[in-house]
Amino acid sequence: MTATISNFDYGPITPMAAYVMATIGAALGLRCTTRSLRRPHHRARWLALGAVSFGCGIWAMHFIAMVGFDVEGAAIRYDRDQTLLSLVVVIVCVAAGMFLVGYRGRSPLTLMTAGIITGNGVVTMHGLGMNAIKIDGSLHYDGRIVIFSFVFTIVIATAALWAAVSLHALWTSIGASLIMGVAVTGMHYIGMTALSIQLTGRTTIDGSTSNLGFLMVMLAGPLAVLLIATTIVMFDPDMLIGDGDQDGAAPTPRGSDSAHAVR
């Protein structure tokens, strides 16, 4: 029996909250990358903080959106280990992409490679997160939508990495973050349209009630990380410095030519 699925069990609250998380993660990733280019002696630290922030933002976006996910007549449970593994995977892959462009620059080959790595990490995170769902039924996906979502994710990841090493003024990076938030959240909901569920049994337990507490506990850690990262970036002395002299003095990542120097 094909189940009735809802991705908006709490109305617009969950997609709006998911968008906010994706935007915050993107903004922190961009600002931390800017710090890494201005401060080469601490480049690895800033790139690591940016990668953790961006990864946590993407992961939090996914699972906040999943709070609104409900299957009529079925209880939803999540496997804790796979849920945590999905967080580790997305952070590691985002870090690989950010370190690659942070140290090798924004040449087309570098951006393409980093975008594929990062995009694969986001898609794998989504897959692990969905595979963590335990339900009295089987999950099926429309291959065409999955492929489109995969390509879309790689494009988003590549654009995000380009922005990270190209946009350094505060207001331009904020604008880019707002756009990225729409793209990343949209990617999630596009991917969810590929899902259908065949139930093998029925239960009167409300799925949204059975998984809400678990997801809130899982989200506590990444949300705390985002709060700490926001505090670090907000109190950094360069926070309000845009494309001024300091940006012009920022070192060019190795592998970039003079045309790609940071402005």
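This is a predicted model: local features need pLDDT of at least 70, side-chain atom pairs count only at pLDDT 80 or more; totals for chains, interfaces and linings use all residues.

Visitor: Fine. Where do the axes of α2 and α4 sit relative to each other, and at what angle do they cross?
Guide: They come within 11 Å and cross at roughly 35°. Helix α2 covers residues 43–67, and helix α4 covers residues 108–131.

Visitor: Is that crossing left-handed or right-handed?
Guide: α2 passes α4 in a right-handed crossing.

Visitor: Which residues make the contact?
Guide: From α2, I58, W59, H62, F63 and M66. From α4, V122, M125, H126, G129 and M130.

Visitor: How does that contact split by class?
Guide: Seven nonpolar, three polar and no charged residues.

Visitor: OK, α2 and α3 next. What are the numbers?
Guide: Helix α3 is residues 80–104. The axes of α2 and α3 come within 8 Å and cross at roughly 140°.

Visitor: What do you call that arrangement, and why?
Guide: Oblique. Only angles over 145 degrees count as roughly antiparallel, and this one is roughly 140°, so α2 and α3 are oblique to each other.

Visitor: And the hand of α2 with α3?
Guide: Right-handed. The residues of that contact divide into 18 nonpolar, five polar and one charged.

Visitor: Now α5 and α6. How do their axes cross?
Guide: At roughly 165°, with the axes coming within 10 Å. Helix α5 is residues 143–166 and helix α6 is residues 170–192. The two are therefore roughly antiparallel to each other.

Visitor: Left-handed or right-handed?
Guide: Left-handed for α5 and α6. On the α5 side the contact includes I145, F148, F152 and I156. On the α6 side, M180, V184, M187 and I190 are among the residues in contact.

Visitor: Any charged residues there, or how many of each class?
Guide: No charged ones. The contact of α5 with α6 has twelve nonpolar and three polar residues.

Visitor: Switching topic. What's the whole chain made of?
Guide: Eight helices and six strands. Along the sequence the pattern is β-α-α-β-β-α-α-β-β-α-α-β-α-α.

Visitor: How much of the chain is buried?
Guide: Of the 263 residues, 50% count as buried. The chain exposes about 11700 Å², and carbon and sulfur atoms supply 70% of it.

Visitor: Last one. What share of contacts joins residues at least 24 apart?
Guide: 88%, among contacts between residues at least 6 apart in sequence.

Note on methods: Residues are numbered from 1 along each chain as its sequence is written. Side-chain values use heavy atoms; hydrogens and water are left out. Axes are lines fitted to C-alpha atoms, for helices over the stretch in contact, and angles run from 0 to 180 degrees between N-to-C directions. Helices (H or I, at least four residues) and strands (E, at least two) are DSSP runs, numbered from the N terminus. Angles under 35 degrees count as roughly parallel, over 145 as roughly antiparallel, 65 to 115 as roughly perpendicular and the rest as oblique. A crossing is left-handed if the near helix is turned anticlockwise from the far one by less than a right angle, and right-handed if clockwise. Contact means heavy atoms within 4.5 Å. Ala, Val, Leu, Ile, Met, Phe, Trp, Tyr, Cys and Pro count as nonpolar, Asp, Glu, Lys and Arg as charged, and the others, Gly among them, as polar. Buried means under 20% relative accessible area, exposed over 50%, partly exposed in between (1.4 Å probe, protein chains only). Accessible areas come from the Shrake-Rupley method with a 1.4 Å probe; for residues, only the protein chains shown count as cover.
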